[in-house]
Amino acid sequence: MPGGVAAAAAGAGYSGSVKLKYVKLGYQYLVNHFLTLLLVPVMAATALELARMGPGELLSLWRSLQLDLVHILCSAFLVVFVGTVYFMSRPRPVYLVDYSCYKPPPSCRVPFATFMEHTRLITDDEKSVRFQTRILERSGLGEETCLPPANHYIPPNPSMEASRAEAQLVIFSAIDDLVRRTGLKPKDIDILVVNCSLFSPTPSLSAMIINKYKLRSNIRSFNLSGMGCSAGLISLDLARDMLQVHPNSNALVVSTEIITPNFYWGTRRDMMLPNCLFRMGAAAILLSNRRREARRAKYRLMHVVRTHKGADDRAYRCVYEEEDEQGHSGISLSKELMAIAGDALKSNITTIGPLVLPMSEQLLFFFRLVGRKLINKKWKPYIPDFKLAFEHFCIHAGGRAVIDELQKNLDLSAQHVEASRMTLHRFGNTSSSSLWYELAYIEAKGRMRRGDRVWQIGFGSGFKCNSAVWKCLRTVKAPTGGPWDDCIHRYPVDIPEVVKL
């Protein structure tokens, strides 16, 4: 008897949830298609009324309007003028023709055992070794992540020469692959934007690329540094703005982080985390505003939204390059980092929400906001369902905690964050280029369809949260030769909470 009651209750609960689901779907359809549902009956009634009228009545109606040739010509001129102003003033479309991610060679791989053995040989502090072991066990990284050749030495060799060698390896490899994919010629590149946060040599990395590929002397080049893991989307924003100003142009964007010069030698725990999480990587992206590129382009850039919380002292210092008590330079990560990232994300989605969310979600958000202000402040704020706005999510693979926090806050499923988790597992935190490894994962799985929308979310020092929204222009076939080419069949993999070392 109790079992029957429980089953009945469960059935009633299931039935109620199904009804609630269909009520919500009906509400969304009604709100999102309100104008269509309003105008179609009016237009149908008008058409039926005109159909009932005879030729004489129609002619009488036309004459009653008292339109002469001057009125008709003026109206036509006004329509043409307004149309011309609209088409001349609207933003130029920006297309992502293709992109390429650097794939490290097997010789650069750093399994956990190798990493910990090197750590023990480099430092005598057993507490530091145990701490880094715990970090690796819970990091979400796999056994195939890679560090540059200089970091394989004992002790590591963070020289200027080794840093330049890493930069040339990852950047030139990514660009060469992009050239092979697109048939891009150096003389066709009009704009060059390079971002690398912690390695800023003279001449710059953008000058290094210009020298290598013998780019034009009138190229518009930019080199961004010190802007953290979200700098890749800042580079996109800069390239987009340049493409709005310069018609019929191509822009090459290169995002990377050079690991060699940033090894931390000290024992401060908040500064040892980057040693455990960051790995080598780079991405090269070809953008264009040329109309003819629309036929072969993969995506169109719809929106870029940037949020900067640097006015707040806590946010400004939560990712901070400094020296420890022994004079060792490194990047300190504050314990408040996740809370600050969550606050930055809230500000960012407040701005991006009205641009991408269907009207049904915007109204629910608005009504809940008004209700909290006027009725009950204890009501929980309504979190919009961004799954209605996007089919794919590329969340910066900064660490397991970052992905967990965003999955929870945005109410995403395991599949929505699969690309981020698998990228962290296979390649580690590759800084600003991680978003492109994630997009490559989705493509390698054959999940990208024409019309799909992609949300890229990046976090970086400062503190910044940046978003980019893409729309897929054609169904993307699983590419060959990409970073996932030899391992995509093994993914997704199960990643335990703790990997015992």
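Student: What makes F366, F367, V370, L374, I375 and W379 a nonpolar patch on the surface?

Tutor: In this predicted model, these six residues have about 640 Å² of accessible area together. Patch members need over 30% relative accessible area and no salt bridge, and nonpolar side chains are joined within 5 Å.

Student: Are E322 and R268 buried or partly exposed?

Tutor: E322 has a relative accessible area of 21%, and R268 has 22%. Buried requires under 20%, so E322 is partly exposed, and so is R268.

Student: Why is the contact of D312 with R314 called a salt bridge?

Tutor: Their closest N and O atoms are 3.6 Å apart, and the limit is 4 Å. The pair therefore qualifies. D312, at 35% relative accessibility, is partly exposed, and R314, at 43%, is partly exposed too.

Student: How do you know that D404 forms a salt bridge with R421, and where do the two lie?

Tutor: The closest N and O atoms of D404 and R421 are 2.5 Å apart, which is within 4 Å, so the pair counts. This pair links helix α14 (residues 400-409), which holds D404, with helix α15 (residues 418-427), which holds R421; the residues are 17 apart. D404 is partly exposed at 31%.

Student: What joins R109, E144, R426 and R490 into one network?

Tutor: Salt bridges that share partners join these four residues. The structure holds 26 salt bridges.

Student: Why is S230 called buried?

Tutor: Its relative accessible area is 0%, and buried means under 20%, so S230 is buried. S230 lies in the loop between β3 (220-224) and α9 (231-245). Not counting residues up to four places away in sequence, it touches G458, F459, G460, K464 and N466.

Student: How do you know that both faces of β4 are covered?

Tutor: Side chains in a regular strand alternate between the two faces of the sheet. On one side of β4 are N250, L252, V254 and T256, on the other A251, V253 and S255, and all are buried. That is seven of its seven residues.

Student: Which strands pair with β4, and in what sense?

Tutor: Strand β2 (residues 191-195) pairs with β4 in the parallel sense over five bridges, and V194 has V254 as its bridge partner. Strand β5 (residues 282-288) pairs with β4 in the antiparallel sense over seven bridges, and S255 has A283 as its bridge partner. At least two bridges are required, so both count as pairings.

Key: Residues numbered from 1 in each chain as written. Predicted model: local features only at pLDDT ≥ 70, side-chain atom pairs only at ≥ 80, totals over all residues. Heavy atoms only, no water. Salt bridge = Lys/Arg side-chain N within 4 Å of Asp/Glu carboxyl O. Buried < 20%, exposed > 50% of the residue type's maximum accessible area, 1.4 Å probe, protein only. Helix = DSSP H or I, 4+ residues; strand = E, 2+ residues; numbered from the N terminus. Patch = residues over 30% accessible without salt bridge, like charges linked within 9 Å, V, L, I, M, F, W, Y side chains within 5 Å. Areas by Shrake-Rupley, 256 points an atom, 1.4 Å probe, with all protein chains shown as cover. Contact = heavy atoms within 4.5 Å.
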